[in-house]
Amino acid sequence: MNHRNNSSPQNTSSQKPLHIDSARLYRDGVGAEGITTAEMEELAPELRRIHQIVVAQSRGGEDAEFASLNLHAIMADSLASIEAMAAQIRRFEDVVVIGIGGSSLGAKAVHHAITSVRPDSSAPSLHFLENIDPYRLRFILQSRKAEKVGVICISKSGGTVETAIQYLILREWLEKELGKDKSRAHQWLVTDPASGWLRELAGREGLPSLPVPPKVGGRFSVLTAVGLLPLAVAGVDIRALLAGAADNAGRCATDDVRANPALEIAALFYLFDISKNKRVSIMMPYADPLELIVDWYRQLWAESLGKRMETRPGRPPAGTLPVRAMGAVDQHSQLQMYLESRLDKIFTFLALDSWDQDFSIPLPEENRKYFSYLAGKKMSQVLEAEFQATRQVITETGHPNMTLRLPAINEHVIGQLIDLYQRITVYTGLLYGINPLDQPAVEKSKKLAIQLLSGGRSA
């Protein structure tokens, strides 16, 4: 087995691919806690089988079972209508994006990443309303003028209760401030193409709307109008985002685990769970713009893979616990636990190859005796040294880890990252023998909450 430590050998795009270093997930990179070549070779027939399942169930475009893995192609025909709607919304100073979970996390993560490195002063300020927190909503209503506010309400089902509540309150506020007719020119919906409260509302009131492909679940929907509309409003290049996803999809088209990074990573993380009892998956970016990518990853991983194994009696529940950390901040809070607690963890580091924004560290002569090692250094060099040191001690402790190096923070690179993790997640679910697209326990909780609000009693 050739451990991955290089970029894709072929790249038809002018943009660079993600650099994936999986060497420290293997025994010869991390020691006894790593996966052996023999273990990977033994799993190879199963990996070929699940890859063929993914290929077969991705056929059919929007109607495919794994339509979420086709979005780089499916959404191409919708880009013009999304961009036209975004142009209308961009006339407002503030845009409130109402959604929760998959209807918010992806767009919020990409928005934070791109606008942190390339702010667009001509774009509206986006305000993501997720949790039903009266303090947050009150602040928005008191600090903004209704005539300068646009609202995008996003719910695939059209009836997500947290989203509906905040939208109802904002609708009432807009109507009181502007009048019912005028307020409709401040509202846009993203929802199911045929059914649900929001779809009915769009038809009844003539509100502009965009559809969510029925086969694409919320946590896989960032590359649909769910994410693309608010991102286009914010000035993000959504065409480059899809192009990055397409490039990664091409990179993952083979059943050769040595050439398909999504298949390799899925195999390794699956083996760490079932053969090494690694139950905690920590993602640790070393760049502030990538911080919210981890929030998107946590939902994708946890909701897709955290399942009981009813279909395979006697097997433990599937899935590893995704945990968020932040370099270098959490070297000062969580690293002690990582280095001296149980060897039940796997690490993924996100790091940059280069920084287009940086600071040279000023070091007057009177301070040199305290910080001589900083002489001639830049801020990014210090962060890189801290990353390298942390990865080394994590490795020496025996924790398997991999590094995803981003050549830059831009739409093409983030598109690659999104497609990569959506594929990893689907592959991993199939290895466990579970459905990575459903969330039965979450649905049970939703129904119970409605029962309690209806006057029922909990068990």
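1. A friendly start with the second largest pocket: about 440 Å³ of space lies in it. A pocket here is an open set of points on a 1 Å grid over the protein atoms alone, where a 1.4 Å probe fits, with protein on both sides within 12 Å along at least five of seven lines. Its volume is the space filled by probe spheres set on the points, which are joined across faces, edges and corners.

2. Please keep in mind that this is a predicted model, where local features need pLDDT of at least 70, side-chain atom pairs count only at pLDDT 80 or more, and totals for chains, interfaces and linings use all residues. Residues are numbered from 1 along each chain as its sequence is written, and side-chain values use heavy atoms, with hydrogens and water left out.

3. The second largest pocket has 19 lining residues, meaning residues with an atom within 4 Å of a point. Ala287, Pro289, Leu352, Trp355 and Gln357 lie nearest its centre. Helix 5 (105-117) and helix 15 (379-397) each give two or more residues to this lining, and helix 15 has the largest share, with three. Helices are DSSP runs of H or I, at least four residues, and strands are runs of E, at least two, numbered from the N terminus.

4. By class, that lining divides into 11 nonpolar, five polar and three charged residues. Ala, Val, Leu, Ile, Met, Phe, Trp, Tyr, Cys and Pro count as nonpolar, Asp, Glu, Lys and Arg as charged, and the others, Gly among them, as polar.

5. Now to the largest pocket, with a volume of about 830 Å³. Among its 33 lining residues, Ser157, Thr160, Gln439, Glu443 and Lys446 are the closest to its centre. Two or more residues come from each of strand 5 (149-155), helix 7 (161-178), helix 13 (293-305) and helix 17 (440-453). Helix 17 gives the largest share, seven residues.

6. The lining of the largest pocket has 13 polar, 12 nonpolar and eight charged residues.
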